[in-house]
Amino acid sequence: MIGGMTNPDDGRMIEVNGVSLYVEDHGEGAPVLLIHGWPDSARLWRHQVPVLVANGYRVITPDMRGFGRSERPAEVAGYALRNIVGDVGGLLDHFGIDRAHVVGHDWGAGVAWLAAILAQDRVRTLTAISVGHPLVPPTMRQAEMAWYQLFFQFTDVAEATLAHDDWAWLRRFSRGDGDLEQAIADLSRPGALTASLNWYRANLAPRLPRPPVTLPPVTAPTMGIWSTGDHYLDGAGLKKSGTFVQAPWRYEEIPDVSHWVPVDAPDRLNELLLDWLG
């Protein structure tokens, strides 16, 4: 680490679950797995890693499949969340870790929820940032805020629109929040934009009505964190997620902060994580 932040060259490529992932591994102690979302990479956590390491944790931060420096499978189905939960298990196996504190943001929170549901013995605690439990029904407001998820289903049209005119659409959409320039650099890699959108196509494509899904309860202690300046998620999903947790549940709001909590409110997030994990 350099100057209290992680060096972007600290990681290595590893093979897990049939895909090559770029992963950084820092520190010693109880393991913490940090999972980013769209359109980010392991760099999202650069303010959390040194603080957690300094407080006695081992911190693992992958670029998830399709993002950053990791491999980009060609098939849309490769981005189904069950496959990505398999990546999580594969990462823990690779590092010889039985159970970890799992922290996820955005899509990473969705992965973290499913890991806590489908691989309960691997998750010591769960921290979900921005995204609630998958069975919480969306509010009408949430449906309105998620309009872009339908737009992302239009293959080639979405890619061309996002990248057009020096990524003007993405710049407006993000409102300048988060790691915009880094995201643009990452999405400009060959095939990277399509790979990132395939997360939406594999998991959120419109489908015919079907019987309700049932899932086992989350049995890991769980904390949900939502920021009031989030333009993409209304917070109701996280607030109601405790219904599906049969373990200690905690909900926190961070006022006047954008969707990208790890970079826009790093001190408050670090404070919450240290209190929760400890």
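Which side chain is joined to that of Tyr-22 by a polar contact? In this predicted model, local features require pLDDT of at least 70 and side-chain atom pairs count only at pLDDT 80 or more, whereas totals for chains, interfaces and linings use all residues. Residues are numbered from 1 along each chain as its sequence is written, and side-chain values use heavy atoms, with hydrogens and water left out.

The side chain of Arg-69 forms this polar contact with Tyr-22, at 3.3 Å (a pair of N or O atoms within 3.5 Å; within protein, one must be able to donate a hydrogen and the other to accept it, and residues adjacent in sequence count only if both atoms are side-chain atoms). Arg-69 is situated in the loop between strand S4 (57–62) and H2; helices (H or I, at least four residues) and strands (E, at least two) are DSSP runs, numbered from the N terminus. With a relative accessible area of 17%, Arg-69 is buried (under 20%, computed with a 1.4 Å probe on protein chains only).

An open sheet of 8 strands shows mixed pairing in the order S1-S2-S4-S3-S5-S6-S7-S8, two strands being paired if DSSP finds at least two bridges between them. Its edge strands, S1 (12–16) and S8 (249–254), each pair on one side only. Strands S3 (residues 30–35) and S5 (residues 100–105) run parallel and are joined by 4 bridges; Val-32 stands opposite His-101 in S5.

The axes of helices H2 (residues 81–94) and H3 (residues 107–118) come within 9 Å and cross at roughly 75°; axes are lines fitted to C-alpha atoms, for helices over the stretch in contact, and angles run from 0 to 180 degrees between N-to-C directions. H2 is therefore roughly perpendicular to H3 (65 to 115 degrees).

Notes: Angles under 35 degrees count as roughly parallel, over 145 as roughly antiparallel, 65 to 115 as roughly perpendicular and the rest as oblique. Buried means under 20% relative accessible area, exposed over 50%, partly exposed in between (1.4 Å probe, protein chains only).
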